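Visitor: I'd like to learn how to read a structure like this one. Could you walk me through it, feature by feature?

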Amino acid sequence: MRILWVLAHPDPASLNGQLRDAVVPRLRELGHDVVESDLYRMGFDPVLSAADLLGDPPEPGTPVSDWQRTGHEEGRLAPDIRAEQAKIRAAELIVLQFPLWWYGFPAILKGWIDRTLVNGFAFGVVDPASGHVRKYGDGGLAGRRGLAVVSAGDRTGALGPRGISGHIDDVLWPLLHGTFHYTGTAPLPAHLLSSVHHWPGGQFEREVERLVERVHGADTEGPIPYRTLAGGDYGPDYALRPDIAPGVTGNAAHLLDPSRV
């Protein structure tokens with residue numbers, strides 16, 4: 001597979017950095033083409049601003065997504081954005097690796113998403129046959145798979161189906177559903193590394209093997225079965241039709257099999 005591996009951690013000697021350093025060479029030995037974006041090491045600027053648009057600045061009051069689309073269509077986005085988009089365009093699997101900070105991912109990764117996944121590239125793409133915008137199960141990044149590799153200090157049970165922190169796939173709903181699924185990227189269940197500050201001897205090596213095996217087989221793994229917008233389950237208001245999963249609310253209602261949670 002052609003893999004884009006995006007790491008968002010400030011310390012290259014951290015567990016996340018060590019894990020990436022151990023896993024990526026193994027994947028290359030297995031024949032995968034791995035391209036990396038180590039956001040902190042690159043000094044990637046996470047701040048979205050009008051400076052992202054080269055040439056004439058946007059008119060004051062212009063929606064950000066509008067001038068981002070203009071920049072994309074006219075080739076006027078900043079070079080660092082275009083470089084990351086080229087990596088995304090070439091990838092079959094996008095791996096986002098990060099520590100879970102305050103139930104989300106580091107700001108530098110949020111900025112990478114904000115600046116690179118722009119209107120006209122990742123979303124806002126119109127199906128010429130129907131005239132409808134492709135989203136939620138289709139979109140500008142269709143044909144790719146997405147895997148979040150997330151480390152957490154909390155124990156496994158706390159991030160499980162009945163855990164106090166919520167199931168990890170629900171905690172990461174904005175990424176798995178709101179970013180991957182929304183853009184057409186098939187979202188794989190999150191790869192959780194838990195209790196990372198209390199690993200016993202040999203655990204790191206076992207986790208390396210588990211992650212190598214997971215990524216190596218990612219092209220055949222089934223994605224999270226979210227309902228698609230084009231599947232007919234949603235009405236014109238984008239809410240589920242009354243006859244679909246009656247009585248089920250929240251994130252579970254948007255799974256083809258709500259009992260999965």
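Visitor: Which residues lie nearest the centre of the largest pocket?
Guide: First, how a pocket is found: on a 1 Å grid over the protein atoms alone, a cavity is a set of points where a 1.4 Å probe fits but cannot get out, while a pocket is an open set with protein on both sides within 12 Å along at least five of seven lines; lining residues have an atom within 4 Å of a point. Here the largest pocket has 17 lining residues, and Leu 100, Trp 101, Ser 151, Ala 152 and Gly 153 lie nearest its centre. Keep in mind that this is a predicted model, where local features need pLDDT of at least 70 and side-chain atom pairs count only at pLDDT 80 or more, while totals for chains, interfaces and linings use all residues. Residues are numbered from 1 along each chain as its sequence is written, and side-chain values use heavy atoms, with hydrogens and water left out.

Visitor: How much space lies in the largest pocket, and how do the residues of its lining divide?
Guide: For volumes, grid points are joined across faces, edges and corners, and the space filled by probe spheres set on the points is what counts. That gives about 270 Å³ for the largest pocket. For the classes, Ala, Val, Leu, Ile, Met, Phe, Trp, Tyr, Cys and Pro count as nonpolar, Asp, Glu, Lys and Arg as charged, and the others, Gly among them, as polar. The pocket lining comes out as nine nonpolar, seven polar and one charged.

Visitor: What about the cavity: which residues line the largest one?
Guide: The structure holds one cavity of 30 Å³ or more, and the largest cavity has a volume of about 70 Å³. Its lining includes Ile 88, Ile 94, Leu 96, Trp 112 and Phe 180. By class, that lining has nine nonpolar, three polar and no charged residues. As for elements, helices (H or I, at least four residues) and strands (E, at least two) are DSSP runs, numbered from the N terminus. Strand E3 (93-99), H5 and helix H7 (173-183) each supply at least two lining residues, and H7 gives the most, with four.

Visitor: Let's pick Phe 180. Is it buried or exposed?
Guide: The scale is relative accessible area: buried means under 20%, exposed over 50%, partly exposed in between (1.4 Å probe, protein chains only). Phe 180, which lies in helix H7, counts as buried at 4%. Contact means heavy atoms within 4.5 Å. Leaving aside neighbours within four places in sequence, Phe 180 is in contact with residues including Ile 94, Leu 96, Gly 146 and Pro 187. Phe 180 and Ile 94 are 86 residues apart along the chain, and their C-alpha atoms are separated by 9.6 Å.

Visitor: Which residues of helix H3 are buried?
Guide: In H3 (residues 64-74) they are Trp 67, Gln 68 and Gly 71. They cover an arc of only 105° around the axis, so they sit on the same side of H3; the arc is that of the directions from the helix axis to the C-beta atoms. These buried residues pack against helix H5 (107-116).

Visitor: How many salt bridges does a search of the whole structure find?
Guide: A salt bridge is a side-chain nitrogen of Lys or Arg within 4 Å of a carboxyl oxygen of Asp or Glu. The search finds 19. In one of them, the side chains of Arg 20 and Glu 36 meet at 3.3 Å, N to O. Arg 20 lies in helix H1 (residues 15-29) and Glu 36 in strand E2 (residues 33-38), so the pair ties together parts 16 residues apart in sequence. Arg 20 is buried, with a relative accessible area of 2%, whereas Glu 36 is partly exposed at 24%.

Visitor: And Asp 154 with Arg 155, how far apart are the closest N and O atoms?
Guide: They are 3.9 Å apart. Asp 154 is partly exposed, at 26%, and Arg 155 counts as exposed, at 57%. Elsewhere, salt bridges that share partners join Arg 20, Asp 21, Arg 28, Glu 36, Asp 38 and Arg 41 into one network.

Visitor: Last one: what is the phi of Trp 102?
Guide: Most residues other than glycine have a negative phi. Trp 102 has a positive phi of about 50° although it is not a glycine. Trp 102 sits in the loop between E3 and H5 and is exposed, with a relative accessible area of 84%. Ser 195, also not a glycine, has a positive phi near 50°, and its place is in the loop between strand E6 (191-193) and helix H8 (203-216).
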